[in-house]
Amino acid sequence: MSATVAVILVLAAGTYAFRLAGPLLHGRVRLPERARELLSAGAVVLLVALLATGALTEGGGFAGWARPAGVLAGGVLAWRRAPFAVVVLGAAVTTAALRAAGVA
C-alpha cells in the first residue's frame with residue numbers, strides 16, 4: 001500500500017469518526033452556555049475569514065474590485081432574504097457587469 005493510499009484511508013476514517021460522534025454523543029455531553037456562545041462566535045469568524053479570502057484574493061494578490069463588489073451585492077441580497085438563485089445571479093451579474101465595464 002502506498003503512502004498516499006494510507007493517508008487517504010486515515011483521513012476517511014477520521015472524517016467518518018467525526019460524523020459518527022455527533023449522533024453517538026447527542027444528549028450525553030452538556031456544554032456550558034458560555035462555551036456555546038464562543039463556539040457560535042468562532043464559527044461566524046471562520047466563515048467571515050473564508051469569505052474575505054475568497055472575495056479579496058486571487059493567486060496571492062488582490063483580486064480586483066469587481067469580485068468584492070459582486071460578493072457585496074450577493075451579501076445584500078441574502079441579507080434582504082432574496083431566494084438563493086437570485087442571490088447567486090445578482091452577485092454574478094454585478095461582477096460580470098463591472099468586468100465588462102473595465103473594472104478589474
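Which residues form a nonpolar patch on the surface? In this predicted model, the patch consists of Y16, L20, L24, L25, V29, L31 and L39. Together these residues have about 680 Å² of accessible area. Helix α1, residues 3-25, supplies the largest share of the patch, with four residues. V29 lies elsewhere, in the loop between α1 and α2. Helix α2 itself spans residues 33-56.

Charged pairs were examined next. The count of salt bridges comes to two. One of them joins the side chains of R34 and E37, with an N to O distance of 3.8 Å. Both residues belong to helix α2. They are three residues apart there, and so are separated by about one helical turn.

Helix packing was then described for two pairs. Two packed helices are described by the angle between their axes and the distance between the axes. For α2 and α3, the angle is about 140° and the axes are 8 Å apart. The two helices are therefore oblique to each other, since an angle counts as roughly antiparallel when over 145 degrees. On the α2 side, the contact is made by L51, G54, A55 and L56. On the α3 side, R67, P68 and V71 take part.

The second pair is α3 and α4. Helix α3 covers residues 66-79 and helix α4 covers residues 84-100. Their axes come within 8 Å and cross at roughly 155°. α3 and α4 are therefore roughly antiparallel to each other. The crossing of α3 past α4 is right-handed. From α3, the residues in contact are A66, R67, A69, G70, A73, G74, L77 and A78. Their partners in α4 are V86, V87, G90, A91, T94, T95, L98 and R99.

Notes
Residues numbered from 1 in each chain as written. Predicted model: local features only at pLDDT ≥ 70, side-chain atom pairs only at ≥ 80, totals over all residues. Heavy atoms only, no water. Patch = residues over 30% accessible without salt bridge, like charges linked within 9 Å, V, L, I, M, F, W, Y side chains within 5 Å. Areas by Shrake-Rupley, 256 points an atom, 1.4 Å probe, with all protein chains shown as cover. Salt bridge = Lys/Arg side-chain N within 4 Å of Asp/Glu carboxyl O. Axes fitted to C-alpha atoms, helices over the stretch in contact; angles between N-to-C directions. Parallel < 35°, antiparallel > 145°, perpendicular 65-115°, else oblique. Left-handed = near helix turned anticlockwise from the far one by under 90°. Contact = heavy atoms within 4.5 Å.
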